[in-house]
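Trainee: Please take one part of this structure and go through it closely. I am new to it, so keep to the charged pair and its surroundings.

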Amino acid sequence: MSLRPLGDRVVLKQLEAEETTKGGIILTTQSKEKPQEAEVIAVGPGAVVDGKLVPMEVKVGEKVIYSKYAGTEVKLDEEEYIVVKQGDILAVVE
């Protein structure tokens, strides 16, 4: 089973949180903050504005930064994904 986003939505797989700080302190599960960095898993066809299709700016495989409280968390086949609108993606990590 797979997710096929509609419109200007993007399916993201969140990257793992850091286990230690730069100073070497090991973080517990409660103190880890969810990263806002994710990998693009699937991309919708784009939004329709004034009858014209506006193409998507992100591609599958890119790493992106997204808004902290954006999207809907989805669990599929024991994997967790986040479905966000393209406008909730802030930057592409290069």
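Mentor: Lys13 forms a salt bridge with Glu79, and their closest N and O atoms are 2.5 Å apart. A salt bridge here is a side-chain nitrogen of Lys or Arg within 4 Å of a carboxyl oxygen of Asp or Glu. Side chains of opposite charge can pair when their charged atoms come close. By this rule the count comes to 1 salt bridge.

The model is predicted: local features need pLDDT of at least 70, side-chain atom pairs count only at pLDDT 80 or more, and totals for chains, interfaces and linings use all residues. Residues are numbered from 1 along each chain as its sequence is written, and side-chain values use heavy atoms, with hydrogens and water left out.

The pair links distant parts of the chain, with Lys13 in strand β1 and Glu79 in strand β7 (residues 79–85), 66 residues apart. Strands are DSSP runs (E, at least two residues), numbered from the N terminus. Lys13 counts as partly exposed because its relative accessibility is 29%, and Glu79 counts as partly exposed at 33%. Buried means under 20% relative accessible area, exposed over 50%, and partly exposed in between (1.4 Å probe, protein chains only).

Lys13 also has a bridge partner in β2, namely Glu39. Strands β1 (residues 9–14) and β2 (residues 37–43) run antiparallel and are joined by 5 bridges; two strands pair if DSSP finds at least two bridges between them.

These strands belong to an open sheet of 6 strands in the order β6-β7-β1-β2-β5-β8, with antiparallel pairing. Its edge strands, β6 (72–76) and β8 (89–93), each pair on one side only.

Notes:
Helices (H or I, at least four residues) and strands (E, at least two) are DSSP runs, numbered from the N terminus.
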